[in-house]
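Q: I'm new to this one, so please pick a single part and take me through it up close. Start there, then show me what goes on around it.

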Amino acid sequence: MQELEKVLQVANGEVGYLEKASNANLDSKTANAGDKNYTKYARDIDNLNVYNGKKQRLRMVQCLY
């Protein structure tokens with residue numbers, strides 16, 4: 001499998017993931033759905049400790065800055 005195909009496969013697997021109301025059930029696609037901007041993606045970015053602060057509860061577009 002080519003690298004691009006791998007990336008697309010992972011991305012397609014994330015379709016349907018909903019933001020969460022709290023930091024509970026971050027790895028579930030639909031459990032604890034809400035509008036408080038908790039995501040598994042921000043959790044994983046936070047765990048890298050390479051950004052200028054925690055990203056949890058920020059809109060996803062803000063996590064990139």
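**The loop and its neighbours**

A: Let's start with Asn37, which sits in the loop between α1 and α2. One quick note before going further: this is a predicted model, where local features need pLDDT of at least 70, side-chain atom pairs count only at pLDDT 80 or more, and totals for chains, interfaces and linings use all residues. Residues are numbered from 1 along each chain as its sequence is written, and side-chain values use heavy atoms, with hydrogens and water left out.

Asn37 isn't a glycine, yet its phi is positive, near 65°. Its relative accessibility is 17%, so it counts as buried (buried is under 20% relative accessible area, exposed is over 50%, and partly exposed lies in between, using a 1.4 Å probe and protein chains only). Asn32 is another residue in the loop between α1 and α2. Asn32 has a positive phi too, about 60°, although it is not a glycine. With a relative accessible area of 24%, Asn32 is partly exposed.

Now for what flanks the loop. The chain has 2 helices and 0 strands; helices here are DSSP runs of H or I with at least four residues, strands are runs of E with at least two, and numbering goes from the N terminus. Helix α2 covers residues 40-48, and its buried residues include Lys40, Ala42, Ile45 and Asp46. Just past α2 comes Asn49, with a positive phi of about 55°.

How does the loop connect to α2? Look at Glu14 and Lys40: they form a salt bridge whose closest N and O atoms are 2.9 Å apart (that is, a side-chain nitrogen of Lys or Arg within 4 Å of a carboxyl oxygen of Asp or Glu). This pair links distant parts of the chain, with Glu14 in the loop between α1 and α2, Lys40 in helix α2, and 26 residues separating them. Lys40 counts as buried at 13% relative accessibility, while Glu14 is partly exposed at 26%.

Asp27, Arg43 and Asp44 are tied into a network of them. Within it, the side chains of Arg43 and Asp44 meet at 2.9 Å, N to O. Arg43 is partly exposed at 25%, and Asp44 is partly exposed at 38%.

Glu3 is exposed at 55%, whereas Lys6 is partly exposed at 38%.

Val7 itself counts as exposed, at 54% relative accessibility. Together with Leu4 and Leu8, Val7 makes a nonpolar surface patch with about 300 Å² of accessible area. Areas like this come from the Shrake-Rupley method with a 1.4 Å probe, and for residues only the protein chains shown count as cover.

Finally, zoom out. Of the chain's 65 residues, 20% count as buried. The chain exposes about 4800 Å², of which carbon and sulfur atoms supply 54%.

Terms used: Patches are made of residues with over 30% relative accessible area and no salt bridge: like charges are joined within 9 Å, nonpolar side chains (Val, Leu, Ile, Met, Phe, Trp, Tyr) within 5 Å.
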